[in-house]
Amino acid sequence: MSTMVANNKRSFGSTLWDYLTTVDHKKIAILYLVAGGFFFIIGGLEALAIRWQLVKPMNDFVSAGLYNELITMHGTTMIFLAAMPLIFAFMNAVVPLQIGARDVAFPFLNSLGFWLFLFGGIMLNVGWITGGAADAGWTAYAPLSTTSPGEGVDYYVLGLQISGAGTLIGGINFLVTIVNMRAPGMTYMRMPLFTWTAFVASALILFAFPALTVGLFLMMFDRLFGSGFFDPNMGGNSVIWQHLFWIFGHPEVYILALPAFGIFSEIISTFSRKRLFGYSAMVFATVLIGFLGFMVWAHHMFTVGMGPAANSIFAVATMAIAIPTGIKIFNWLFTLWGGNIQINTPMLWSLGFIPTFTLGGMTGVMVAAASADYQFHDSYFVVAHFHYVIVGGVVFALFAATHYWWPKMFGKILNDTLGKVTFWLFFIGFHLTFFIQHFLGLMGMPRRYWVFLEDQGLDLGNAISTTGAFLMGLGTIVLLYNIVVTSVKGEKVGSDPWDARTLEWAIPSPPPFYNFKQLPLVRGLDPLWIEKTEGRKGMTPAEPISDIHMPNNSFLPFVMSLGFFIAGFGFIYQKYDLVWLSLVFIGMGIALGAMLMRSVKDDLGYHIHKEDLVKEAKE
Amino acid sequence: MAEKTSLHPAQLDYEKQKRKEEMKQQVITFALMIIFTIIAFSMVIAELNKLFVIPVIFVLAAVQVGFQLYYFMHMSHKGHEMPAFMLYGGVFAAFLTILALAALVWW
Amino acid sequence: MSEHDVLNPKQMPLNPEKATLEGKNKFIGFWFFLGGETVLFASLFGTYLALNGSTNGGSSSQELFGLELVFIMTMLLLTSSLTSVYAMYHMKNNEFKKMQIWLGITVALGIGFLCFEIYEFYHYIHHYEFTMRSSAFGSAFYTLVGFHGGHVVFGLSWIIALMIRNAKRGLNLYNAPKFYIASLYWHFIDVVWVFIFTVVYLMGVL
Amino acid sequence: MKDWMGKIRTLSVFSLMVVFLSACGRDNLTALVPKGYGAEESLRVIIITVIVMIVVFIVVMAIFIFVLMKYRQKKGQENMIPKQTEGNKTLEIVWTVIPILLLIVIAIPTVAVTYDLADETEKEDSLNINVTGKQFWWHFEYAEEQIQTSQDLYIPVGQKVYLNMLSSDVIHSFWVPSLSGKMDVNPDNENTMYIEAYEEGVYWGKCAEFCGDSHSLMDFKIVAVSQEEYDQWVTDMQNVDAEAVPESTTAQEGKALFEDSCLSCHAVGNTPSVGPNLSNFGDRSTIAGVLEHSEEELVEWILDPGSKKPGNGMLDAPYLEEKSVSEEDAEKIAEYLLQLKASEITPDSAQ
Ligand code: HEA
Ligand code: HEA
Ligand code: CUA
Ligand SMILES: [Cu+2]
């Protein structure tokens with residue numbers, strides 16, 4: 001069986017093939033990072049178009065139909081194709097390293113998850129070319145979505161179905177990885193907080209996504225096969241969709257937020273040079289947020305007419321989430337307390353996060369008050385709330401993580417000055433854009449408004465908001481510039497540039513493809529820090545050098561995803577002409593054939609031999 | 001990474017014996033499941049009072065499912081803590097979902 | 001590499017399905033997946049419960065459902081659950097042939113179930129003109145029961161594929177976990193059916 | 001201690017004032033200047049939550065700023081390793097219990113007001129109006145009085161008015177920020193809410209649930225007038241004469257044209273119709289909810305409704321496809337429509 005791959009200069013073709021077939025979690029992380037980053041820019045450009053349309057009253061920059069497509073695709077893209085994949089990027093890059101594993105539990109499925117997400121994401125956007133993207137809002141409420149003409153919403157349904165399957169697979173993969181693959185000594189209560197949050201977020205994925213899957217199936221049947229789940233004329237009930245969507249949708253926001261909290265926990269502790277204050281309370285709070293997150297979905301439906309009893313119950317349950325979240329905020333503050341706080345770019349984002357997210361959480365509690373939400377709901381107040389938590393929580397975390405883990409992923413450090421410029425542009429732009437929106441909402445501006453009328457006192461606020469959005473754009477461009485400059489010029493860094501605490505910093509940057517030559521022995525929380533304080537350079541190995549088992553690369557994940565992608569078109573266009581059903585058969589044939597091949601052909605992987613590892617160490 | 005330690009023949013016999021015992025239990029479980037099913041069906045066919053029948057058939061179903069999980073799927077064995085945890089997580093989410101959607105009817 | 005060789009009784013680990021790390025991962029991962037499936041079916045059941053009265057003037061559950069067929073189907077599926085327990089029993093004892101036989105019986109029972117289900121759908125469609133498009137109730141009924149039927153089809157194909165693929169090779173530590181989780185899947189299908197016959201059929205004729 | 005509390009209170013009241021004064025928005029639109037029962041109750045809850053939030057935010061920010069000033073890395077101390085504190089039980093309890101108490105303070109009024117706003121005990125004895133939301137306009141039916149109208153909803157001031165709401169297509173949401181919070185208008189089941197205006201006036205209403213292309217143009221008005229004026233209006237509306245012959249000849253011609261091309265959808269008088277009821281169209285403050293109420297706009301509307309409100313229901317009108325209404329015709333129709341004044345009571349009466 002083969003051994004090491006010679007890592008010399010390779011042709012473009014072979015690099016491409018390598019990425020198309022890779023099952024290495026670190027390369028998959030890069031794939032997620034690039035794809036997620038790409039979709040973030042798309043979603044951001046859509047946001048800029050939205051804001052430009054709203055710069056003045058009765059503007060006619062875009063038409064009503066196009067505007068509706070823009071907001072729908074902005075929301076969908078940002079949540080499903082930008083924020084989630086970027087979080088998956090860091091989970092892939094970091095979690096196996098943090099628990100001292102050589103790879104994830106299912107490398108093949110990991111790759112399948114990525115390709116399903118990517119093809120799903122492309123599918124979602126195909127509508128732009130074929131005459132109209134989805135236009136029923138990212139929440140796709142029936143019957144607006146079921147009666148929306150054209151294929152836009154069909155692309156939404158099938159695109160999300162495909163990428164959702166990818167996410168579910170990814171979630172299970174992380175759960176099993178964390179349960180089964182921890183290095184010797186890495187007990188649950190020694191896991192870094194990012195790993196913990198990844199764990200809970202994955203559990204949320206496992207329980208939340210099936211509801212979306214079903215919802216999407218029902219919508220697909222309604223739109224494409226004439227069923228009547230949401231059609232009042234057939235006895236259907238449109239509120240079922242809302243429940244299914246939010247049973248998924250609310251946990252979804254914590255799927256995004258929890259790993260973000262994990263990222264901040266790592267960064268704040270590293271740059272305060274202190275262990276995380278109240279580690280066990282933090283873990284407890286994480287689990288509690290995950291649990292409570294399932295019991296509050298109807299707070300998105302206060303005005304649906306569920307009656308005062310249901311509204312009250314869900315209002316109070318929702319408010320309860322403020323408690324574990326508060327525990328987190330205060331523990332971060334007390335991690336800083338008494339520390340030796342070094343303020344560089346990752347830390348700047350983390351510090352900016354605390355007041356921003358607190359504000360967003362507070363407006364969250366305000367909208368959770370059902371009788372107040374009658375005013376807030378579906379107004380710009382809600383838009384302000386969720387951008388404060390999503391941008392101020394999740395996007396800030398992603399920027400922070402990018403700066404923090406870049407050296408680990410690529411071996412080079414991003415320029416700190418440029419990083420700070422990005423931060424200040426984005427931070428100021430952000431507050432300019434969204435703070436004023438609280439007031440716009442209360443002053444009577446509903447969301448998803450293509451135009452607002454003159455003389456309603458909304459002009460100034462909207463103009464300010466638009467200005468801010470462009471500052472955010474500028475900040476993002478500086479980041480992109482930083483990335484380019486660093487990749488070209490940046491200096492190589494060692495394994496532990498931040499003097500950090502967790503296991504990922506114990507191995508070279510970027511790590512070798514087998515991660516740990518010898519699995520490390522973990523002796524407590526912040527294992528690397530423990531070793532460092534005791535004067536050792538690195539981790540003590542838990543095993544002698546021996547053969548390492550590695551999985552084989554595979555092209556099948558790509559093929560399977562492509563199969564589903566093709567079948568998707570068949571499903572959509574058969575509503576016009578049954579001939580298109582042939583595409584369903586072709587696509588499903590490809591996908592199922594690839595699946596069969598996978599299960600029939602043994603894939604035993606290969607071994608890196610002990611001798612080679614020893615030899616490499618000497619070089 | 002196989003556990004290459006092969007078992008002592010005596011131990012192997014013991015294990016085999018234990019499995020055999022267990023297999024007997026499985027058959028009894030199965031018999032119970034069949035009986036429960038028959039009870040459920042006959043109660044419905046006998047057209048007893050609805051308010052009585054519905055809860056009873058639900059309980060019968062739940063017990064049957066418990067049998068499946070704990071005996072047929074071995075959730076009672078050790079090494080199933082995580083599976084049980086995640087399954088009950090699913091049951092919890094499932095319960096809320098059904099409650100919400102079923103409540104729509106009376107709302 | 002011994003882990004991929006055919007097992008002989010002497011090197012038989014206690015639980016061949018969990019003897020390797022890959023096996024353990026598959027085992028845990030599959031259970032987690034079943035946790036997710038629980039929510040999936042719950043969403044379908046919830047939808048069904050919300051819509052089972054919405055017949056829109058068309059056929060109602062009382063008019064449609066008969067219990068004889070369902071009873072037979074239930075018996076078939078419950079029995080197939082037991083036979084797959086037997087199959088796993090023989091797997092653990094490393095009796096490959098017997099395992100294959102019991103799996104074969106399981107598959108036969110499953111196919112029997114499926115035939116009845118197809119007949120049932122056919123009957124509703126042709127004698128009552130009751131389809132997915134008749135009413136919200138029709139949509140919910142076919143989707144819930146159809147999803148279960150789809151699971152049966154998938155489970156059968158999976159077990160058959162495993163049986164054929166490994167017929168010549170016998171049991172080893174690489175395929176033991178595959179057999180094991182396929183049987184877990186089969187039990188889960190049975191679990192779902194227990195709720196279907198209770199919620200859909202028994203409550204439906206009441 | 002007392003002093004400290006007092007300061008916080010003044011501070012929060014002060015900052016609230018600043019907020020309100022600088023950004024109240026348009027008087028009959030904003031939720032910040034309530035003119036009706038629901039809006040007032042909601043604002044009460046909002047203010048309670050804002051006060052609690054300000055307290056929380058001050059605490060968080062105080063710790064935050066203190067920590068940053070005190071513990072920021074100093075020159076020459078880059079390698080200082082601070083004490084590694086594990087946590088503190090007492091502190092954990094403090095920041096668990098205090099938020100719980102604060103949340104209780106919010107939860108009680110929230111629940112109380114939620115029940116209050118859903119109160120239907122007086123429904124039977126009150127004015128009931130059936131509201132239908134349609135893409136992209138509102139239809140109002142006074143069932144007992146047997147009146148149909150659209151876009152402008154007349155109500156008596158100082159009284160609870162119950163709205164029974166149902167949609168005939170997709171979901172809409174009925175929102176008059178200065179009178180009351182919103183309530184969804186679903187296609188599958190009826191929702192009921194009540195509104196009560198404290199003062200006479202014309203209040204701006206908006207559709208708050210995303211409902212398609214012209215969601216942002218699905219505005220309506222609530223005209224709150226005195227009880228006598230309201231009664232007068234009802235009588236006038238009941239006595240609308242659909243056959244009344246207009247004074248001017250152009251308007252007479254317009255009437256004939258209207259009957260040809262428009263009556264298939266619209267109605268004058270109290271008959272149900274596909275499109276808005278136009279009995280009192282001359283009294284409206286806007287056309288189609290958002291356009292200026294002028295002949296010029298009306299002509300443009302008749303000739304090309306799609307350019308004013310994309311995707312609206314009038315685009316199905318056969319005359320548009322057939323191009324059977326010329327600009328001249330449209331002017332005549334406009335003249336006819338603008339003189340359709342059913343009552344002395346108009347939005348101007350709401351002072
Ligand atoms: C990352 C995403 C994220 C996060 C973390 C949150 C967090 C919260 N959200 Fe938000 N929310 C969204 C994303 C998010 N939300 C989105 C996307 C929507 C709109 C979807 C759409 O309609 O398109 C939405 C909408 C939304 C609504 C519906 C509004 C409406 O449509 O009418 C509600 C209502 O209850 C709500 C509540 C909350 C609450 C109570 C929290 C809490 O978790 C916040 C808790 C945090 C704090 C409270 C701050 C820190 C705590 C302390 C310092 C302790 C002391 C505090 C107190 C005592 C108050 N959110
Ligand atoms: C993760 C989630 C996420 C993120 C990050 C954002 C980010 C932003 N969002 Fe959005 N938003 C949503 C999720 C998100 N949003 C959702 C769910 C909705 C609801 C949709 C619905 O109603 O259905 C919504 C709706 C929404 C609205 C309301 C629309 C309406 O109701 O009518 C607005 C309006 O201001 C808005 C603005 C913005 C802005 C200005 C940003 C900014 O932060 C964006 C900043 C980023 C950029 C500006 C990128 C710039 C990049 C470049 C400039 C690259 C240069 C190009 C090259 C080099 C090629 N968003
Ligand atoms: Cu009607 Cu928005
Ligand atoms: Cu939520």
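Where in chain D is Phe136(D) found? In this predicted model, Phe136(D) sits in the loop that runs between strand 1 (127-134) and strand 2 (137-142) of chain D, and the legends below take up this loop and several other places.

Close-up 1. The view shows Gln135(D) and Phe136(D), which are joined by a cis peptide bond with an omega of about 5 degrees. Most peptide bonds are trans.

**Close-up 2. A cis peptide bond in a loop of chain A.** Here the peptide bond that leads from Ala142(A) to Pro143(A) is cis, and its omega is near 0 degrees. Pro143(A) belongs to the loop between helix 4 and helix 5 (144-147) of chain A.

**Close-up 3. Helix 4 of chain A packed with helix 6 of chain A.** Helix 4 (residues 107-126) and helix 6 (residues 152-180) of chain A pack at an angle of about 160 degrees, and their axes are 7 Å apart. Because angles over 145 degrees count as roughly antiparallel, helix 4 of chain A is described as roughly antiparallel to helix 6 of chain A. The crossing of these two helices of chain A is left-handed. From helix 4 of chain A, the residues in contact include Leu109(A), Gly113(A), Phe117(A) and Gly120(A), while those that they meet in helix 6 of chain A include Tyr155(A), Gly159(A), Ile162(A) and Gly166(A). Sorted by class, the contact of helix 4 with helix 6 of chain A has 14 nonpolar and eight polar residues, but no charged residues.

**Close-up 4. A positive phi at Asp378(A).** Asp378(A) lies in the loop between helix 13 (370-376) and helix 14 (380-410) of chain A, and its phi is near 50 degrees, a positive value in a residue that is not glycine. Most residues other than glycine have a negative phi. With a relative accessible area of 3%, Asp378(A) is buried.

**Close-up 5. A positive phi at Asn94(C).** Although Asn94(C) is not a glycine, its phi is positive, at about 60 degrees. Asn94(C) is placed in the loop between helix 3 (67-92) and helix 4 (96-128) of chain C, and with a relative accessibility of 14% Asn94(C) counts as buried, because the cut-off for buried is under 20%.

Close-up 6. Chain C and chain D, by contrast, do not touch, and their nearest C-alpha atoms are 12 Å apart.

Methods. Residues numbered from 1 in each chain as written. Chains lettered and ligands numbered in written order. Predicted model: local features only at pLDDT ≥ 70, side-chain atom pairs only at ≥ 80, totals over all residues. Heavy atoms only, no water. Axes fitted to C-alpha atoms, helices over the stretch in contact; angles between N-to-C directions. Helix = DSSP H or I, 4+ residues; strand = E, 2+ residues; numbered from the N terminus. Parallel < 35°, antiparallel > 145°, perpendicular 65-115°, else oblique. Left-handed = near helix turned anticlockwise from the far one by under 90°. Contact = heavy atoms within 4.5 Å. Nonpolar A, V, L, I, M, F, W, Y, C, P; charged D, E, K, R; others polar. Buried < 20%, exposed > 50% of the residue type's maximum accessible area, 1.4 Å probe, protein only.
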